[in-house]
Amino acid sequence: WQHEGQRLSELLSEASPDGFYSRQELEAQQMRVDSLQTQLDAEQRKKQRAEEDLARATQRLEDATEKLQEKKSDHQKLQEDIREELEKRQEANTLKDSIDSLKLRRDAIVKAFSKSE
């Protein structure tokens, strides 16, 4: 831009016998400036869209990360619940085995006592 501005200043200060050449150059340079401004505007819009896309993608990533963390937490809770349930079942089986063993001993004692009478 500085170069373009400097060139325009130089053109304005040039002397031309009829003024046509410098006016023609000035118009050409103005067209170039307009073209560059249009390109700059387009690039700025692209940059803005890219920044907006990046912000949306970042938000989606944060949302997905949060959901994943929630699922991990739910999964850990489920694992703990299963572990507790397995421990309870194991304790129940141990108690059942003890009860069965005591019943067998009781039956053996009753049978022995019945024979002795």
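Student: What is the relative accessibility of Glu51?
Tutor: Glu51 has a relative accessibility of 41% and counts as partly exposed. Here buried means under 20% relative accessible area, exposed over 50%, and partly exposed in between, with a 1.4 Å probe and protein chains only.

Student: What kind of model is this?
Tutor: The model is predicted: local features need pLDDT of at least 70 and side-chain atom pairs count only at pLDDT 80 or more, whereas totals for chains, interfaces and linings use all residues. Residues are numbered from 1 along each chain as its sequence is written, and side-chain values use heavy atoms, with hydrogens and water left out.

Student: Back to Glu51. Which residue forms a salt bridge with it?
Tutor: Lys47 does, and the closest N and O atoms of Lys47 and Glu51 are 3.8 Å apart. A salt bridge is a side-chain nitrogen of Lys or Arg within 4 Å of a carboxyl oxygen of Asp or Glu.

Student: Where do Lys47 and Glu51 lie?
Tutor: Both are in helix α2, which covers residues 20-116, and they are four residues apart, about one turn of the helix. Helices are DSSP runs of H or I with at least four residues, strands are runs of E with at least two, and numbering starts from the N terminus.

Student: And Lys47, buried or exposed?
Tutor: Lys47 is exposed, at a relative accessible area of 52%.

Student: How many salt bridges are there by this rule?
Tutor: The count is seven. One of them joins Arg56 to Asp53, with the closest N and O atoms 2.2 Å apart. Arg56 and Asp53 are three residues apart in helix α2, about one turn of the helix. Arg56 is partly exposed at 43%, and Asp53 is partly exposed at 41%.

Student: Which residue does Arg106 meet in a salt bridge?
Tutor: Arg106 meets Asp107, at 3.1 Å from N to O. Arg106 is partly exposed at 49%, as is Asp107 at 41%.

Student: New topic. How many helices and strands does the protein have?
Tutor: The secondary structure comes to two helices and zero strands.

Student: How much of the protein counts as buried?
Tutor: Of its 117 residues, 7% count as buried. The protein exposes about 10600 Å², and carbon and sulfur atoms supply 54% of that area, computed by the Shrake-Rupley method with a 1.4 Å probe.

Student: Which residues form the negative surface patch?
Tutor: Glu62, Asp63, Glu66, Glu70 and Asp74 form it. Such a patch takes residues with over 30% relative accessible area and no salt bridge, like charges being joined within 9 Å. Asp and Glu count as negative, and the place of a charge is CG of Asp or CD of Glu.

Student: Where is Asp63?
Tutor: Asp63 is in helix α2, partly exposed at a relative accessible area of 34%.

Methods
Patches are made of residues with over 30% relative accessible area and no salt bridge: like charges are joined within 9 Å, nonpolar side chains (Val, Leu, Ile, Met, Phe, Trp, Tyr) within 5 Å.
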